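Subject: Structure for you to look at

Hello,

Here is the structure I promised to pass on. Please open it alongside this email, and my notes on what turned up follow below.

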Amino acid sequence: TSVYLQRGTNTEVAAIKDQMVTEMLRADEAGGDVAVARGHYETTLALAGEAEALRSGDLEVARMRAAAREALDRIDGVTRLSAITFYEYEASVNLATVTLRPDEGGIAVLDAANDRVLFHATDDDYHATTEEGPAIIAYGGQPAGAQVVGPLVDLMWLPGSAADTRDSVAMLDRTGVMFNYYPNLGDIRGVPLDNSSAWLEPRAMATYGSRLYVLDAGARQIWRYSLDEGYTQDPDAPAIAFSAQAELDQAVDFDLYSEDGSLVIVYADGRVRYYDTRSGRIQWDETTLLNNGLSTPLVSPSAVKLVGRGLNASIFVLDPGSSRLVQLGRGGRVLTEYRVLDELGDEVLSKARDFAVVDSPLRILIAAGNHLYLAER
C-alpha cells in the first residue's frame, strides 16, 4: 500500500511540474503583455503550493517557484528581503505590536492573545538579544499603584518629557490609562488620560513634539494630549479637526511627521490619506499612489510608520493582504515595494500585524503570529 501511494504521489507531482513548465513557457510567450504574463506566473506559484503539499522539498518545484517570484518582482518593481527568526515564542502567542528602544537597544512586543507586554534586551543595532529570554513587563490585571492594567491596545517607546523625565515603554489600555514601564529601574506606573471616559474604541497612538494622539475609531476622533502636563487635554482643542469627514471608524493606524505634524492614516479597505493637520485637508490619497508607482492597490493595511527626517523621511505601509511593505515619499510617490521571505522561502508579511524600521542600513523587525523576524537586504 505504501509503495502504491508513493507512486500515486509521484505521478501527481510530475503532472503538476509539467503544468508549471507550461505556465512558465506561456508567460515567456506573452512578450510585452504584462497582465497575461502575470496571470501565468501567479498560476505557477499556485501550482507550486499544490506540489509542496504533496511532497515538500522538490528542487525542480523550488526552482520554478523562485523563477516565477523573480519575474513577478520585475513586473511589480518589488525588492525582496530575507528574514531570519529573531525570536520564536510559544504557540499561544499572537504578536500585535512591536516598538524599539532607540540608541541603547531593546525591543518591546505586545502579545494580544495573552494580554501582556514582553521586553527583549538587545545590542545597540537589534541584531541579537543580550539576555536569554524576554521579560514580562506588563500584563492584564497587574496592579500599578492606584491603577490596574486593563486590556492593552498599543505600545510605543516614549522619550522623557518635562512631566516625566525618564524614557519608558508606554502602554495604552482600553480604559484610557497610560502605563509607563521604566527599564532603568524596572518600575511601572499608571496615569489616566483626560476625558478617557468618552472613548469608545481606541486603536492606536502616536506622538508629535510634546503631544500624544490617540485614534478612537468608535468616537471617530484622534484625541490630543499634552505630555508635558501629565496627559491632560485642552478642552478647546481636544482632538484633531478635519475639513471633511475623515471616516475614522474605518481607520486602523496612523502616524505623524516629526517636523511639521502632518498626518498619515491607513484604512481597513486599503485607503491611505495624508493630511495637512493645520488645515485638516487631504494632500494626497491612494489614487495618487496608483498614479505614482504603486503596482496594485493596497488590500488590507494593518500598520503605518513615518520614519526619518528631511530628505530621508519615508512612510512605510504594511499590507498583509498583498504581502507587501510599501515605502513612500511624503509627497505620495512610491519609492520601493518590499516582499519578505523567511528561511524556508515562505512569505512573512501575509501574517504580519506590525513592524519597526531601523534605517542606515535598512533593517525591519516584523511581528507575525508567534514569531519576531528580522529582515535585511
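**A buried aspartate and its surroundings**

The backbone nitrogen of Val98 lies 2.9 Å from a polar atom of the side chain of Asp354. Please keep in mind that this is a predicted model, and that goes for everything below.

Where does Asp354 sit? It is found in strand E23, which covers residues 352-358. With a relative accessibility of 4%, Asp354 counts as buried, because the cut-off for that is under 20%. If you set aside the neighbours within four places in sequence, Asp354 is in contact with Ala96, Thr97, Val98, Ala303, Lys305, Leu318, Leu365, Ile366 and Ala367.

As a reminder, strands of a sheet pair through backbone hydrogen bonds, either parallel or antiparallel. Within this sheet, strand E1 (residues 78-88) and strand E25 (residues 371-376) pair in the antiparallel sense, over six bridges.

**Aromatic rings**

How many aromatic pairs does the structure hold? There are four. One of them is formed by Trp199 and Tyr225: the ring centres are 6.4 Å apart and the planes stand at 70°, so the pair is edge-to-face, for which the angle has to be over 60 degrees. This pair links distant parts of the chain, 26 residues apart: Trp199 is in the loop between strand E11 (187-192) and strand E12 (202-208), while Tyr225 is in strand E14 (residues 221-226). Trp199 is buried, with a relative accessible area of 7%, and Tyr225 counts as buried too, at 1% relative accessibility.

**Charges over rings**

Two further spots involve a charged side chain and a ring. Elsewhere, Arg166 lies over the face of Tyr182, at 3.9 Å from the ring centre.

Best wishes

Key
Residues are numbered from 1 along each chain as its sequence is written. This is a predicted model: local features need pLDDT of at least 70, side-chain atom pairs count only at pLDDT 80 or more; totals for chains, interfaces and linings use all residues. Side-chain values use heavy atoms; hydrogens and water are left out. Helices (H or I, at least four residues) and strands (E, at least two) are DSSP runs, numbered from the N terminus. Buried means under 20% relative accessible area, exposed over 50%, partly exposed in between (1.4 Å probe, protein chains only). A polar contact is a pair of N or O atoms within 3.5 Å; within protein, one must be able to donate a hydrogen and the other to accept it, and residues adjacent in sequence count only if both atoms are side-chain atoms. Contact means heavy atoms within 4.5 Å. Rings of Phe, Tyr and Trp (its six-membered ring) pair if their centres lie within 6.5 Å; planes under 30 degrees apart count as stacked, over 60 as edge-to-face and the rest as tilted. A charge sits over a ring if NZ of Lys or CZ of Arg is within 6 Å of the ring centre and within 35 degrees of the ring normal. Two strands pair if DSSP finds at least two bridges between them.
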